[in-house]
Amino acid sequence: MANLSMSYFFSSSSSSSARSRVQDNVEDTDNSLKERLVHHHLEESIRPYIDLIDTLRSVGIQKDLALPTIVVIGDQSSGKSSVLEALSGIALPRGSGIVTRCPLELRLRNVTGGVSWKAVLPRLSYEEKIIEFGDPSLVEKHVEEAQNELAGKGVKICDDLITLEVRSADVCDLTLIDLPGIARVPVQGQPQDIGNQIKRLIMKFIEKQETINMVVVPCNTDIATTEALRMAQEVDPEGIRTLAILTKPDLIDRGTEKNILAVVQNKVIPLRKGYVMVKCRGQQQIDEKIPLVEATQIERDFFQNHDFFRPLLDENKATVKCLAIKLTQDLVSHIKKSLPKLDEQIKKQLWDVRNELKECEAGPPQDLKGAKQFLIKILTKFNDKIKSLSFGELIIKDNLFVQLRTEYKKWNDGLNDTKTSLKSAELSQNYRGRELLGFSNYRVFEMILQDRVAKLKEPAIKSLNSIKDIILKQFTDVSHQCFRNYPVLLNTTMNKIDNIQSSQQAKTEQRIMDQFEMESMIYTQDPIYLKFLNEISSDKFSEAQLPIVVQRMADQLPMLISFYMLKETAQLLCTDMLSILEGANVSELLFEDSDVSKRRKYLQSRLGRLTAAQEALSDFI
Ligand code: GDP
Ligand code: MG
């Protein structure tokens, strides 16, 4: 296929008939003009759509949604590669057994502008690698290498798509995907379930509503029972997006022509897109290196001279050329139909991606200076949040101050219970010594009071613990909000919170204990108490004394806890956080959770693809 000047479908450059030269020339010029006009018209109306899908594919949008495409399926040796070759004008890898082992996307792009011809520029791209080559005879080698790389050397198959782009004056605008042929019996070295593996791979492609299924069936088999046709019917029962290609019409059993004609005329297994019969090069013609362009001529002659199949030419149901035009038109109308849905899907995904990206926030800059500034920024933001949290200005999920108030109320309620339980003066009977009734022993009251006050220690420590947990939860939430993506920084922060809270808790506990101690001291020294002592009857003494303790403890404990556990803890934490900056290993602190950075990168590339896709689509919607 090194002859680049040939063209099967739309040019006049070839003729091998035995007609006279003059007649030949007149006819050819005539045909050529007509065909070029048709071609020109086709190009005008279809090219933008094919290009659009091309653009969408080049931005990689097929990773996000299915694009309209044509896939070629069929049994092994049914003639898939032969049909693709005839359509594309390039030689594809051939051989016995399984040759196509990866889905092969064949992008055919006609690069003529009017009558000017351009050189062929086949390009093969797989994974991120793009190999460009100018010599079409290298296609086979590159496809094979790509397959070996993706599926491994040998006979295994793989799901990765190889793209082969052919830019030539000789091809029509079309994108097709060639799939491995359905194998019935595994060849040596193939897994036992190779048949199922291939069917699963085919299913993956043909079940998509966006796909036109091109089923290749040889005429010399029982068409109705073909596995590929059965699979296509399974995913497309009404045959709306299934087109069947009947190959090898030159190899049929004499006498079966009428039956086959009935199939092509859609009378046996009706398909909305119908049938096309093509005659490609047989093995002998390939061995004899009969050029594809000549094969096209031979094909036309074959149908023109065929007793049964001749009418198919007029019905536009025969020849590769007819197939090419039909496929292109089908693909374009399919694309047109798919556009509104594509647009809708893109819009929805854009919305989702933007929302998800918001949650990922921007990552740290790569350079050290920028990274350090970024660190300062997020530390400051964290400190601001902690400060406003401690002032009750920041509310996250469960309001901190509402929770604190609830805890303090519990403490207060507990105190009031103590008050009532001490109302009964009989209690003091338990403490009475040898003094006469009506006289109260000063030390007895002291004991009663100390005993009661001591009983408050336990609920006080319990309150302290609960409040510590509440504050820890809130500080943890802020830390996660700010440093979720940076596990090292988050860990450092959590350690700091833990250390500060522990020492503050010990300090608060000590202060509470001091307060309890003081209560018994105040009892002996405070003039207010002494006044009470003188004014009230000694029996009521404990009643009068305790409300004062209760009142003071009701205020003191919340004040102590709020001050040490929240306000001071927050201040200490903020100062400590700033100390991180001194001699910090910035890149280590800003080490990102790989999942998060991966996710952000993934989302960003999706956003890029979708935005580009939307832009490309906007001219068509
Ligand atoms: P694939 O396995 O489906 O890709 O089938 P191939 O395209 O490799 O074709 C299998 C064999 O059938 C090859 O030897 C082709 O030359 C031959 N073949 C394909 N189409 C025709 C045809 O229309 N007529 C004849 N006689 N042979 C054909
Ligand atoms: Mg093949």
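User: Is V596 buried or exposed?

Analyst: V596 is buried, at a relative accessible area of 14%. The cut-off for buried is under 20%, so V596 qualifies. Keep in mind that this is a predicted model.

User: Which helix is V596 in?

Analyst: Helix α19, which covers residues 594-618.

User: And how far apart in space are V596 and N485?

Analyst: Their C-alpha atoms are 6.2 Å apart. In sequence, 111 residues separate V596 from N485.

User: Switching to charges. How many salt bridges does the count come to?

Analyst: The count comes to 24 salt bridges.

User: Let's take K199 and E227. What is the N to O distance there?

Analyst: It is 3.3 Å between the side chains of K199 and E227, which form a salt bridge.

User: Which residues are linked with them in a network?

Analyst: R230 and E234. Together with K199 and E227, they are linked in a network of salt bridges.

User: What about K496 and D576? How far apart are N and O?

Analyst: The distance is 3.6 Å, and the two side chains meet in a salt bridge. K496 lies in helix α15 (residues 487-525) and D576 in helix α17 (residues 541-579), so this pair ties together parts 80 residues apart in sequence.

User: And their accessibility: buried or partly exposed?

Analyst: K496 is buried, with a relative accessible area of 16%. D576 counts as partly exposed, at 25% relative accessibility.

User: One more pair. Which residue does R107 form a salt bridge with?

Analyst: E105. Their closest N and O atoms are 3.2 Å apart. R107 is buried, with a relative accessible area of 12%. E105 is buried as well, at 1%.

User: Now ligand 1. Which residues come nearest?

Analyst: S77, K80, S82, D250 and Q283 come nearest, out of 19 residues around ligand 1.

User: Which helices each supply at least two residues of the shell?

Analyst: Helices α2 (80-88) and α7 (283-287) do. The largest share comes from α2, with 3 residues.

User: What backbone atoms lie by an oxygen of the ligand?

Analyst: S78 has a backbone N or O atom 3.2 Å from an oxygen atom of ligand 1. For G79, a backbone N or O atom lies 3.0 Å from an oxygen atom of ligand 1.

User: Where does a nitrogen of the ligand go?

Analyst: To D250. A ligand 1 nitrogen atom is 2.8 Å from an N or O atom in the side chain of D250.

User: And how much of ligand 1 does the protein cover?

Analyst: The protein covers 88% of the accessible area that ligand 1 has on its own, which is 570 Å².

User: Last topic, helix α10. How far apart are its end C-alpha atoms?

Analyst: They are only 52 Å apart. A straight helix of 41 residues, at 1.5 Å a residue, would reach 60 Å, and α10 (residues 320-360) falls short of that.

User: Where is the kink in α10?

Analyst: At L339, shortly before the proline P340. The kink is about 40 degrees.

Technical notes: Residues are numbered from 1 along each chain as its sequence is written. Chains are lettered from A and ligands numbered from 1 in the order in which they are written. This is a predicted model: local features need pLDDT of at least 70, side-chain atom pairs count only at pLDDT 80 or more; totals for chains, interfaces and linings use all residues. Side-chain values use heavy atoms; hydrogens and water are left out. A salt bridge is a side-chain nitrogen of Lys or Arg within 4 Å of a carboxyl oxygen of Asp or Glu. Buried means under 20% relative accessible area, exposed over 50%, partly exposed in between (1.4 Å probe, protein chains only). Helices (H or I, at least four residues) and strands (E, at least two) are DSSP runs, numbered from the N terminus. The expected span of a helix is 1.5 Å times one less than its number of residues. The bend at a residue is the angle between axes fitted to the seven residues ending there and the seven starting there. A residue is near a molecule or strand if one of its heavy atoms lies within 4 Å of it. A polar contact is a pair of N or O atoms within 3.5 Å; within protein, one must be able to donate a hydrogen and the other to accept it, and residues adjacent in sequence count only if both atoms are side-chain atoms. Accessible areas come from the Shrake-Rupley method with a 1.4 Å probe; for residues, only the protein chains shown count as cover.
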